[in-house]
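Hi,

Here is the structure I promised to pass on. Have a look at it first, then read my notes below.

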Amino acid sequence: MSTVIYHDAKVIEITDLSANTKNFVIQVDKNVPFSFKAGQFIMLDLPIDSHIRNRSYSIASAPATDNTFELCIVLKPGGLGTTYLFNEITVGSDLKVSDPLGKLTLSEPIDMEICYVCTGTGIAPFRSHLFDLVNRKIEHQKINLIFGNRKIEDILYYDEFIALEKADPNFKFIPVLSRELPEKWNGVTGYVHPVYEELYSDKRQARFFICGWHNMLKEARQRIEAMGYNRKLIRFESYD
Ligand SMILES: Cc1cc2nc3c(=O)[nH]c(=O)nc-3n(C[C@H](O)[C@H](O)[C@H](O)COP(=O)(O)OP(=O)(O)OC[C@H]3O[C@@H](n4cnc5c(N)ncnc54)[C@H](O)[C@@H]3O)c2cc1C
């Protein structure tokens, strides 16, 4: 395996996205050529007391020209990397960042309808895709974003996706909540799986992108294949 090279970077902004999730804006040293494709991830080399010090995070922002990118990271209780990031990292902190990795990218031209399926911070690569399409004014067919969470306050970047839906008639945002009270939420409830099953019950051509933790991802891949979609139309990134 080739050795990963890490670049010097600084944290330039940190925002709370929810009670346990933060958005980190990071800038790689300007002398380093650093560019990524929407949907890729980076690794952070963290000074933690672990046999394996690197942790992978999907880039949550669209490609930029100033060496900056965003990560959205959920705190894992007892997790070494996230505890370090949440407790020790502040604006101005130094981080070691790898070159971009991964292939959860969009092929152009976009020749098919797209369905994104994700939960929690699995939204990150798809936020990157969507705002890359907006920034570069890329033509696309219908895009459905099915985003599963437990409660209203867990929906990351809610306002951004609502605004995007208003601006782009070809984009549909479908937040799905599994544990919200009916008096607080009149949107879609339950888990993400029945939502794409119903939406694509006519088996029309579509490309599926799935991102998040293993169980949701495994189930989604199985169910989409069982609907009759070729596995080549299903792209995914597992967080564990
Ligand atoms: C491609 C990819 C993208 C990801 N993107 C995101 C994202 O955008 N947002 C997000 O919140 N999370 C993301 N994750 C998950 C993230 O990488 C971490 O697993 C998560 O933040 C928990 O890290 P932790 O150090 O707090 O927990 P820990 O439990 O300390 O470590 C988590 C993981 O690190 C590895 N690890 C730790 N110690 C060892 C060891 N001794 N030997 C072998 N492996 C070890 C294991 O894979 C373990 O599951 C992504 C993961 C992958 C693979």
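Let's start with the ligand. By class, its shell holds 10 nonpolar, eight polar and four charged residues; here Ala, Val, Leu, Ile, Met, Phe, Trp, Tyr, Cys and Pro count as nonpolar, Asp, Glu, Lys and Arg as charged, and the others, Gly among them, as polar. Keep in mind that this is a predicted model: local features need pLDDT of at least 70 and side-chain atom pairs count only at pLDDT 80 or more, while totals for chains, interfaces and linings use all residues. Residues are numbered from 1 along each chain as its sequence is written.

Of the 22 residues around the ligand, His51, Gly79, Gly81, Thr82 and Thr121 come nearest (a residue is near a molecule if its C-beta atom, placed from the backbone, lies within 6 Å of it). Strand S4 (54–58), strand S5 (68–74) and helix H1 (80–88) each supply at least two residues of this shell. Helices (H or I, at least four residues) and strands (E, at least two) are DSSP runs, numbered from the N terminus.

Now, where does the ligand shell lie? Domain 1 (6–98) and domain 2 (113–238) both give residues to it, so the shell lies between them. The domain bounds come from an automatic or database domain assignment.

On to how the domains meet: 15 residues of domain 1 are in contact with 14 residues of domain 2 (in contact means C-beta atoms, placed from the backbone, within 7 Å). On the side of domain 1 that touches domain 2, S5 gives the largest share, three residues. That side has 10 nonpolar, five polar and no charged residues.

Next, the largest nonpolar core, which has 58 residues; Tyr116, Val117, Leu145 and Ile146 have the most contacts inside it. Buried means 20 or more other C-beta atoms within 10 Å of a residue's own, exposed means 12 or fewer, and partly exposed is in between, with C-beta atoms placed from the backbone.

Most residues other than glycine have a negative phi, and most peptide bonds are trans. Yet a cis peptide bond joins glutamate 108 and proline 109, with omega about 0°. Lysine 137 has a positive phi of about 50°, and with 6 C-beta neighbours inside 10 Å it counts as exposed.

Cheers

Technical notes: A nonpolar core is a set of buried Ala, Val, Leu, Ile, Met, Phe, Trp, Tyr and Cys residues joined through C-beta atoms within 7 Å. Two residues are in contact if their C-beta atoms, placed from the backbone, lie within 7 Å.
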